[in-house]
Amino acid sequence: MKSPSPEVGRHPLNTVVLAYFHYRYEAELAQGYLDENGVPTVLLIDDAGGMDVGLSFVNPARLMVGLEYAERSRAILEEAGVIDQEVM
């Protein structure tokens with residue numbers, strides 16, 4: 001039997017899509033900013049490994065972060081000019 005994770009309450013599905021990108025390089029740039037600031041990220045990209053770039057217009061790249069990092073991540077990317085500020 002597997003012992004419980006030391007990170008109580010942390011589950012891999014507790015994530016949020018922070019931003020969508022139509023170009024792989026934009027998603028990777030955003031991921032780089034977050035990585036440099038210590039934010040763990042996941043990129044979901046379905047463009048056949050870069051062979052069919054057109055797929056990203058139907059199914060854009062998704063930059064995902066843990067729920068606990070969402071607000072901080074948005075601020076980092078807004079400050080860097082990678083994503084637009086949220087209009088309330």
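Y25 counts as exposed, because its relative accessibility is 55%; buried means under 20% relative accessible area, exposed over 50%, and partly exposed in between, with a 1.4 Å probe and protein chains only. The model is a predicted one, in which local features need pLDDT of at least 70 and side-chain atom pairs count only at pLDDT 80 or more, while totals for chains, interfaces and linings use all residues. Residues are numbered from 1 along each chain as its sequence is written, and side-chain values use heavy atoms, with hydrogens and water left out.

**Residue accessibility and the aromatic pair**

Rings of Phe, Tyr and Trp (its six-membered ring) pair if their centres lie within 6.5 Å; planes under 30 degrees apart count as stacked, over 60 as edge-to-face and the rest as tilted. By this rule there is one aromatic pair. Y23 and Y25 form this tilted pair, with 5.7 Å from centre to centre and 35 degrees between the planes.

The table lists relative accessibility for residues discussed in this report.

| Residue | Relative accessibility | Class |
|---|---|---|
| Y23 | 36% | partly exposed |
| Y25 | 55% | exposed |
| N14 | 28% | partly exposed |
| S73 | 0% | buried |

N14 lies in the segment before β1. Between N14 and E68 there are 54 residues of separation in sequence and 8.6 Å in space, taken C-alpha to C-alpha.

**The sheet**

Helices (H or I, at least four residues) and strands (E, at least two) are DSSP runs, numbered from the N terminus. Two strands pair if DSSP finds at least two bridges between them. In this model three strands form an open sheet in the order β1-β3-β2, with antiparallel pairing. β1 and β2 are the edge strands, each pairing on one side only. From one strand to the next, the twist averages 25 degrees.

Strand β1 (residues 15-21) is joined to β3 by six bridges, and V17 stands opposite M64 in β3. Strand β2 (residues 41-44) is joined to β3 by four bridges. M64 is the bridge partner in β3 of V42, and T41 stands opposite V65. Strand β3 (residues 61-66) is largely enclosed by the rest of the structure, because five of its six residues are buried.

**Helices and their packing**

Contact means heavy atoms within 4.5 Å. Axes are lines fitted to C-alpha atoms, for helices over the stretch in contact, and angles run from 0 to 180 degrees between N-to-C directions. Helix α1 lies across β1, β2 and β3, and runs at about 175 degrees to β2. Helix α3 also packs on the sheet, where it touches β1 and β3 and makes about 20 degrees with the direction of β1.

How do the two helices meet, and at what angle do they pack? Helix α1 (residues 24-36) and helix α3 (residues 70-80) pack at about 120 degrees, with their axes 10 Å apart. A30, Y33 and L34 of α1 make the contact with S73, I76, L77 and A80 of α3.

S73 lies in helix α3 and is buried, as its relative accessible area is 0%. Leaving aside neighbours within four places in sequence, S73 is in contact with L18, L34, V39 and V65.
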